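Please open the structure in a viewer and follow the selections below in order.

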Amino acid sequence: MEKVVSILEKQKPGETESFDILLHHAAENNYSFALWRLPNAPVKNLVVSYAAKTLEPKAIIEDLAPGFIFAPFDKTKSRYYLPADMLFSFSNGMLDEPAVEESIASREWFNEAVSKAGMRPAKSFFVKETSTQSSDKASYERLVKKGIAQIEEGAFEKIVPSRARRVELPESFDPIETFQKLCDTYPNALITFVSIPKVGTWMGATPELLIQVENNRIFKTVALAGTKPFEPGTDIRNVAWTQKEIEEQALVSRYIISNFKKIRLREYDEQGPKTIIAGNVMHLKTTYAVDMKETNFPQLGSVMLQLIHPTSAVCGMPLEESLAFLKANEGYDREFYAGYLGPVNINNNICLFVNLRCMQLADSDAILYAGAGVTADSIPESEWDETEIKLNTLLKVIRA
């Protein structure tokens, strides 16, 4: 180990250079990886996994070894778990000193990666080909109108139709540089760069927490809905929301509370709704917290994850009827868009977010995804405009 440390002290590559070395080396060895930065956090983390594993439907996430979860929108499909065979953290632009066993063991591998820095594959990520193409405005507005008609007939209260947009990447596109730009541009979001052989590569900046477990004790989840463009200088204390947006957010809140009732959980703290900024948009947000020890719910994270995914914020309400409508009418496979992802049991915390404001990377282009909550009061053209605003979260960084 002394030899490893001495070499690192001499070279001391910076954060971006370290990412570049590590991710190319992972790709060369067919290893999966997840690079992320939590909202408002100074630290960036990287998990490198020798082999991604699939999780059983009822796996207890509280019992998993440290790692990263990447799950699709369709809960009947495989969830991927990346064990932290190697774990790195970066602060102030440099690799942190190892603090846990996974980090200490990772240093020798990092030294090997540094020594091979001149021998790199063409890409630092894995590509999975997809036939998904862009949705045009007329088609999306027809989908919204169909959803409104179904709501008026009583089929469901809310539906969240989504669309895809395929864009050509600039010749200068660099995924690590893009990750760094997303971190700088969206401090309040979870920024992720995930790549798994035969599964593909996704990148995003999502504002929506699905579940969080802090120190094996405090469970949190949020209801996040309603969307308005954010203009710098806006005083969020004075933002006025329409009845449609307020009701849309209330539906998500009722969905969470209804799931608490299913498991007879009555002791929870509710805060909100309040206006929050998420990049170039604003949302209404209500936070729910539960003390797992006081309520004797040590596996509440796993239980609620099974109940609330997919949430009404990305699917609709009631769930089964909304899912059936989307499957029959959206016209494409969401794959990991509106699924969930995040670190598990790293630093004694679980932080899983809904995979929104995201894109799937291909060889020379990317597929971006966005949706809009539709209620009886929705205007199809306005819903198209909302998806355009959401797509611009990544587009303006890609094209910068």
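Begin with the lining of the largest cavity, which comprises eleven nonpolar, five polar and six charged residues (Ala, Val, Leu, Ile, Met, Phe, Trp, Tyr, Cys and Pro count as nonpolar, Asp, Glu, Lys and Arg as charged, and the others, Gly among them, as polar). The model is predicted: local features need pLDDT of at least 70, side-chain atom pairs count only at pLDDT 80 or more, and totals for chains, interfaces and linings use all residues. Residues are numbered from 1 along each chain as its sequence is written, and side-chain values use heavy atoms, without hydrogens and water.

The volume of the largest cavity is about 190 Å³. A cavity is a set of points on a 1 Å grid over the protein atoms alone where a 1.4 Å probe fits but cannot get out, and lining residues have an atom within 4 Å of a point. Select Glu208, Ala313, Leu356, Arg357 and Lys390, the closest to its centre of the 22 lining residues. Next, colour β13 (218-229), β20 (365-371) and α9 (380-398), each of which supplies at least two lining residues; β13 gives the most, with four. Helices (H or I, at least four residues) and strands (E, at least two) are DSSP runs, numbered from the N terminus.

Move to the second largest cavity, of about 50 Å³. Its lining includes Glu208, Thr221, Tyr255 and Ala313, and α6 contributes the largest share, three residues.

Finally, select α2, where eleven of 14 residues are buried (under 20% relative accessible area, 1.4 Å probe, protein chains only). Among them are Phe19, Leu22 and His25. Asn30, which follows α2, has a positive phi, near 65 degrees.

Technical notes. Buried < 20%, exposed > 50% of the residue type's maximum accessible area, 1.4 Å probe, protein only. 1 Å grid on protein atoms, 1.4 Å probe; cavity = no way out; pocket = protein on both sides within 12 Å on 5 of 7 lines; lining within 4 Å. Points joined across faces, edges and corners; volume = space filled by probe spheres on them.
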